[in-house]
Amino acid sequence: ARAIRFLDLWQQGGWQLKLYGIAHAAERPAPELVRALERAAAALLPQPPRTPSRYGVGFACAHQGRTASIAFVDWWADEDELHHIMFVATPDGALRRARDNELSACVWDLALIGFERDAWCSAVLRNPAGPDPEAYLAARMNADV
């Protein structure tokens, strides 16, 4: 089982991302991995955050695994599309983008991605009052999966 925890609402350059941590045999990933994820996200998120096809919201996760650490950054665009960028931790603790032949997500990452998909559908796509990105940002996963 892995602990999936909401860590913070990370705001950078007009973006708002729900920042999560997943950790093997711990409640939260190492702070260094979370900081590396924040640096990676800041360097890759497109500008401007809000456009007619982009909402400026999404989620990111630092995953400290049993044998390796990974991270990912995801944002919503074009109403129902999720952009997903994967990173792999290097021996010096930095993050590099995953190669085409490397993983795109593990089963614990998919639990979080599934939760975020459901939150997006509820707050934005199926919301009778209309799209509500703030309601999406307020939906947060904290679970042992």
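Predicted model: local features only at pLDDT ≥ 70, side-chain atom pairs only at ≥ 80, totals over all residues.

Colleague: What makes R2 count as lying over the face of W108?

Modeller: R2 is 4.0 Å from the ring centre of W108. The distance limit is 6 Å, and the charge must also be within 35 degrees of the ring normal. R2 lies over the face, at 4.0 Å, so the label holds.

Colleague: Where is R2 in the chain?

Modeller: R2 lies in the segment before β1 (3-12).

Colleague: Why is R2 said to have no salt bridge?

Modeller: The nearest side chain of opposite charge, D109, is 7.2 Å away.

Colleague: What does the side chain of R2 make a polar contact with?

Modeller: The side chain of H63, at 2.8 Å. The limit for a polar contact is 3.5 Å. Beyond its neighbours within four places in sequence, R2 also touches other residues, including I22, G65, W108 and D144.

Colleague: How many salt bridges does a search of the whole structure find?

Modeller: Seven. One of them joins the side chains of E27 and R5, at 2.4 Å from N to O. That value is within 4 Å, so the pair is a salt bridge.

Colleague: Why does the pair of E27 and R5 tie together separate parts of the chain?

Modeller: E27 lies in the loop between β2 (15-23) and α1 (31-44), while R5 lies in strand β1, so the pair ties together parts that are 22 residues apart in sequence. R5, E27 and D144 are also linked in a network of salt bridges.

Colleague: Are R5 and E27 buried or partly exposed, and what makes them so?

Modeller: R5 has a relative accessible area of 10%. Buried means under 20%, so R5 is buried. E27 has 44%. That falls between 20% and 50%, so E27 is partly exposed.

Colleague: How do you know that E32 forms a salt bridge with R35?

Modeller: The closest N and O atoms are 3.8 Å apart. The limit is 4 Å, so the pair counts. E32 and R35 are three residues apart in helix α1, about one helical turn. E32 is partly exposed at 47%, and R35 is partly exposed at 41%.

Colleague: Now the rings. Why is the pair of Y55 and W120 called edge-to-face?

Modeller: By the ring rule the count comes to seven aromatic pairs. Y55 and W120 are 5.1 Å apart, centre to centre, with 65° between the planes. The centres lie within 6.5 Å and the angle is over 60, so the pair is edge-to-face. Y55 lies in strand β4 (residues 54-64) and W120 in helix α2 (residues 107-125), so the pair ties together parts that are 65 residues apart in sequence.

Colleague: Is W120 buried or exposed, and how do you know?

Modeller: W120 has 1% relative accessibility. That is under 20%, so W120 is buried. Y55 is partly exposed at 24%.

Colleague: What makes F59 and F72 a pair?

Modeller: Their ring centres are 6.4 Å apart, and the limit is 6.5 Å, so they pair. The angle of 85° between the planes makes the pair edge-to-face. F59 is in strand β4 and F72 in strand β5 (residues 69-77), 13 residues apart. Both F59 and F72 are buried.

Note on methods: Residues numbered from 1 in each chain as written. Heavy atoms only, no water. Phe/Tyr/Trp six-rings, centres within 6.5 Å; stacked < 30°, edge-to-face > 60°. Helix = DSSP H or I, 4+ residues; strand = E, 2+ residues; numbered from the N terminus. Buried < 20%, exposed > 50% of the residue type's maximum accessible area, 1.4 Å probe, protein only. Lys, Arg positive; Asp, Glu negative; His and termini not counted. Polar contact = N/O pair within 3.5 Å; in protein donor to acceptor, adjacent residues only side chain to side chain. Contact = heavy atoms within 4.5 Å.
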